[in-house]
Amino acid sequence: MGENASMRGGVAESSRDERLDVYVWDMDETLILLKSLLTGTYAEGFTGVKNVQEGVEIGKKWEKHILSLCDDHFFYEQIENHNKPYLDALSRYDDGQDLSAYDFSKDEFGASYDDDNKRKLAYRHRFVAQRYKQSFLNEETKKDLDELYDMTDNYTDRWLSSARGFLEECSVGNGGTSIVAADGIKGSSATKSIHLLVTSGSLIPSLVKCMLFRLDHMIAQENVYSSWEVGKLQCFQWIKARFKAPAVRFCVIGDGWEEGEAAQLMQWPFIKIDMRPGSSHRFPGLTMRTVGFYFSVVYGNSDAEDEEV
């Protein structure tokens, strides 16, 4: 890509007595459920217990909100065909212009991929990064989204809230006080952790999903990657280059073959999510004990010694 990706977000530093755990997540059918609701595959796994059409209707409501937010607040109609693997991929074209009074509707952003349009795209990405951190939805929309979230969580037996809770549990680490840094790294006195998202979906809808599914406070915008064009292995290689702490450990969690294959090539532990009822590799179900076991297999972590999956 040529955008010096290894330096984006800075290189994580750690003292010798600190451990940094880097969790690399897939999104769909891992942290959230959407496609499996729309296709009915989630409900079908319950052999008649779940109403398939109810899940489809819930999925359609999410789709409507996601597309609306993408188009109305994140320039998706303009930049859909200019997908990038992360938001600051074009930062070297951004001259730092103040965007507070900038009129995006009149800057003649076009389809060509010259330096002028790269600069305008970089402006949009910077605006999206700022908006990701803000609360800008009206009260009626917030109420609708809260109701939809609760409806989905109830239908999926708390998949959404359990996944979110698991992110928080990972961040607390060994039980110390969780500390939130500007770069999204959290940790206690002895262990730090960070959550990154590598999704095969387009970047802008993926960021919007993070916001709507209440993941944005756990996954910073600079830690969201789209592997749409470049593939997950390339994203994993960028991530490895970012985090060079002496005691860094990586763990990939997802439901797809691509992240599993890429994790194997990187020699990182891979936890495959299994949506089937009764599986321990789903939400609710996945525990820190299980994650510790996978860490121990690759890194020899004594904390998980003799544990079983």
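**Note on the predicted model: helix, cores, strands and salt bridges**

1. The buried residues of helix α8 are L203, I204, P205, S206, L207, V208, K209, C210, M211 and L212, where buried stands for under 20% relative accessible area, exposed for over 50% and partly exposed for values in between (1.4 Å probe, protein chains only). Helices (H or I, at least four residues) and strands (E, at least two) are DSSP runs, numbered from the N terminus. Because ten of the ten residues of α8 are buried, this helix is largely enclosed by the rest of the structure.

2. On the basis of the model, residues are numbered from 1 along each chain as its sequence is written, and side-chain values use heavy atoms, with hydrogens and water left out. The model is predicted: local features need pLDDT of at least 70 and side-chain atom pairs count only at pLDDT 80 or more, whereas totals for chains, interfaces and linings use all residues.

3. Confidence should be read alongside the geometry. The protein chain has a mean pLDDT of 89, with 86% of its residues at 70 or more; pLDDT is the predictor's confidence in each residue, from 0 to 100. Across residues 9–15 the pLDDT is below 50, and this stretch has 17 contacts in the model beyond near neighbours in sequence, a contact being heavy atoms within 4.5 Å. Residues 174–184 also have pLDDT below 50, and that stretch has 24 contacts in the model beyond near neighbours in sequence.

4. The surroundings of α8 can be listed by element. Its buried residues pack against α3 (52–73), α4 (76–79), α5 (115–132), α6 (139–155), β4 (191–199) and β5 (224–226). Just after α8, R214 adopts a positive phi of about 65°.

5. The largest nonpolar core contains 65 residues, and W25, L31, W62 and L215 have the most contacts inside it. Such a core is a set of buried Ala, Val, Leu, Ile, Met, Phe, Trp, Tyr and Cys residues joined through side-chain atoms within 4.5 Å. Helix α8 (residues 203–212) gives the most to this core, contributing seven residues. Leaving aside neighbours within four places in sequence, L31 is in contact with W25, D26, W159, L160, A163, L167, L197, L215 and I219. In soluble globular proteins, nonpolar side chains tend to be buried together.

6. Strand β6 (residues 248–254) is mostly covered, with seven of its seven residues buried. V248, F250, V252 and G254 point one way from β6, while R249, C251 and I253 point the other way. Six bridges join β6 to strand β1 (residues 19–25), and the two run parallel; strands count as paired if DSSP finds at least two bridges between them. Within this pairing, W25 has I253 of β6 as its bridge partner.

7. Strand β7 (residues 270–272) also pairs with β6 in the parallel sense, over three bridges. In this pairing, G254 stands opposite K272 of β7. The chain passes from β6 through helix α10 (residues 257–266) to β7 in a right-handed β-α-β crossover; right-handed is said when, with the strands pointing away from the viewer, the path from the first strand over the helix to the second runs clockwise.

8. The salt bridge count is 16, the rule being a side-chain nitrogen of Lys or Arg within 4 Å of a carboxyl oxygen of Asp or Glu. K232 forms a salt bridge with D26, and their closest N and O atoms are 3.2 Å apart. This pair links distant parts of the chain, with K232 in helix α9 (residues 232–242) and D26 in the loop between β1 and α1 (35–39), 206 residues apart. Both K232 and D26 are buried.

9. Because D116 and R119 are three residues apart in α5, about one helical turn separates them. D116 is partly exposed at a relative accessible area of 34%, and R119 is partly exposed at 22%. K120 has its place in α5 and is buried, with a relative accessible area of 7%. Not counting residues up to four places away in sequence, K120 touches Y102, D107, E108 and F109.

10. R19, D21 and R249 are linked in a network of salt bridges. D274 forms a salt bridge with R276, with the closest N and O atoms 2.7 Å apart, and R276 counts as exposed at 59% relative accessibility.
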